[in-house]
Amino acid sequence: MAISAAIGTPLETCLAQAVDANPALKDAAAVIAAVARSAVEISERIGRGALGGDLAAAGDHNSDGDVQKALDVIAHESVTAALRGAPVAEVASEEAEEVMRLNPDAPLAVAIDPLDGSSNIGVNMAVGMIFGIRPSIKDPANPLASFTTPGSTQVAAGFVTYGPATALILTLGEGTQSYVLDRAEGRFKLTSQAMSVPASAKEFAINASNVRHWDAPVKAYIEDCQRGTEGPRDKDYNMRWLASLVADIQRVLTRGGVFLYPSDARKNYARGRLRLLYEVAPVAMLVEQAGGAATDGQTRILDLVATGIHERAPLVCGSTEEVSCVATYYAGGKPDAGRSPLFGQRGLMRS
Ligand SMILES: O=P(O)(O)OC[C@H]1O[C@](O)(COP(=O)(O)O)[C@@H](O)[C@@H]1O
Ligand SMILES: [Mg+2]
Ligand SMILES: [Mg+2]
């Protein structure tokens, strides 16, 4: 349901309007309201910085082998407590090894990254939360059933960015909206009814320290971006990398660009770093709903099916021109955009 409410309308009112227009969204709206309440709590905690204790204090390891920081655990506890009061049967959280069972008869399942961008905890940089909401599939023989369907089965998805402003980026399956936390009132208010990713862009985001591990197509694509107007892309690119998926994607949703966390040759990185259910699939839905594209290099993310709740997937997403250009490199080609002959001549002229 596209949101037609005026800018500044509270989230709860926008959700109520969406439910009026499509009653099937009632349960998803209740889940989103619960997630938003938790986000307000976490935002306040983050806003206190070191005054609220050492949020970066190291604890145990999570299912992926990452060290859990204090804020990872605080966020997980806050959001799962909120979801207990919502129509949620199962939760797949980054910070829990197994699927958590909440309200067995409830209609929905939620995949959640309670705290995204953990390396930014404690240094006053943007972090966030990511979630994808799916139908709960009641299959006693398969405890993972709700999470082993394609990302296209998500009924809603969103993320929160705890940055200079706390923002909620949301899709209920038709368009992507943004909200900002009004700190004085402790609630989110609509700031964009329809985010739109420009089709072409001149910014790429990738952790360039991994260049020696990348696959040949990613290396070739980034090299050609770096060659700027002297290469086949014929435009000068800028690079941005915040090490916080939510913040990088909020930028891409706002002014375009491409984000890549590709597979690479490091141990355990054959499918990149990001997790399919609670990072990659929700982001893909948000980006597609804003007119962008999301693939694993070649295949549409929303067609991928997880086989385990912490499974990873490579992610290439953002402006359609860039995402399809990366796919061209993966398919063994080079972009021509009608430019190859000219580029050849210019290359000759410049040599
Ligand atoms: O440290 P790297 O390899 O650049 O990875 C950064 C990526 O890892 C993440 O922090 C992974 O998320 P978590 O912090 O939830 O584990 C992304 O937000 C970010 O894009
Ligand atoms: Mg994350
Ligand atoms: Mg996380």
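Leaving aside neighbours within four places in sequence, Thr-166 is in contact (heavy atoms within 4.5 Å) with Ser-43, Val-160, Thr-161, Tyr-179, Val-180, Leu-181, Arg-183 and Phe-188. This is a predicted model, in which local features need pLDDT of at least 70 and side-chain atom pairs count only at pLDDT 80 or more, while totals for chains, interfaces and linings use all residues. Residues are numbered from 1 along each chain as its sequence is written, chains are lettered from A and ligands numbered from 1 in the order in which they are written, and side-chain values use heavy atoms, with hydrogens and water left out.

- Thr-166 is found in strand β8, residues 166–171, where helices (H or I, at least four residues) and strands (E, at least two) are DSSP runs numbered from the N terminus.
- With a relative accessibility of 1%, Thr-166 counts as buried; buried means under 20% relative accessible area, exposed over 50%, and partly exposed in between, using a 1.4 Å probe and protein chains only.
- The side chains of Thr-166 and Ser-43 are joined by a polar contact of 2.8 Å, a polar contact being a pair of N or O atoms within 3.5 Å, of which, within protein, one must be able to donate a hydrogen and the other to accept it, and for which residues adjacent in sequence count only if both atoms are side-chain atoms.

**The magnesium ions**

- The magnesium ion (ligand 2) is coordinated by Asp-113 (OD), Asp-116 (OD) and Glu-279 (OE), at 1.8 to 2.0 Å; donors are N, O and S atoms within 2.8 Å of the metal (3.2 Å for Na, K and Ca), and sites may look incomplete because water is not among the atoms.
- Along the sequence, the donor residues of the magnesium ion (ligand 2) follow the spacing D-x2-D-x162-E.
- Asp-113 lies in strand β5 (residues 108–116) and Glu-279 in helix α6, so the pair ties together parts that are 166 residues apart in sequence.
- Both Asp-113 and Glu-279 are buried.

**Ligand 1**

- The shell around ligand 1 holds 17 residues, the closest being Asp-116, Ser-118, Asn-207, Leu-245 and Tyr-261; a residue is near a molecule or strand if one of its heavy atoms lies within 4 Å of it.
- Strand β5 gives the largest share of this shell, three residues.
- Oxygen atoms of ligand 1 are found 3.0 Å from a polar backbone atom of Gly-117, 2.8 Å from a backbone N or O atom of Leu-245, and 2.6 Å from an N or O atom in the side chain of Tyr-261.
- Taken alone, ligand 1 exposes 480 Å², and the protein buries 91% of that; accessible areas come from the Shrake-Rupley method with a 1.4 Å probe, and for residues only the protein chains shown count as cover.

- Helix α5 (residues 245–255) is mostly covered, with eight of its 11 residues buried, among them Leu-245, Asp-248 and Arg-251.
- Gly-256 follows α5 and has a positive phi, near 85°.
- In helix α6 (residues 276–289), 12 of the 14 residues are buried, so α6 is largely enclosed by the rest of the structure; the buried residues include Tyr-278, Glu-279, Pro-282 and Met-285.

**The annotated C-terminal region and Tyr-330**

- An unreviewed UniProt entry carries the annotation "domain: Fructose-1-6-bisphosphatase class 1 C-terminal" for residues 197–330; UniProt positions are given in the numbering used here, feature names are shortened, and annotations may be inferred rather than shown by experiment.
- Over residues 197–330 the chain is 35% helix and 12% strand, with its end C-alpha atoms 23 Å apart.
- Tyr-330 is found in helix α7, residues 320–330, and counts as buried at 19% relative accessibility.
- Not counting residues up to four places away in sequence, Tyr-330 touches Asp-215, Pro-217, Val-218, Pro-262, Ser-263, Gly-297 and Gln-298.
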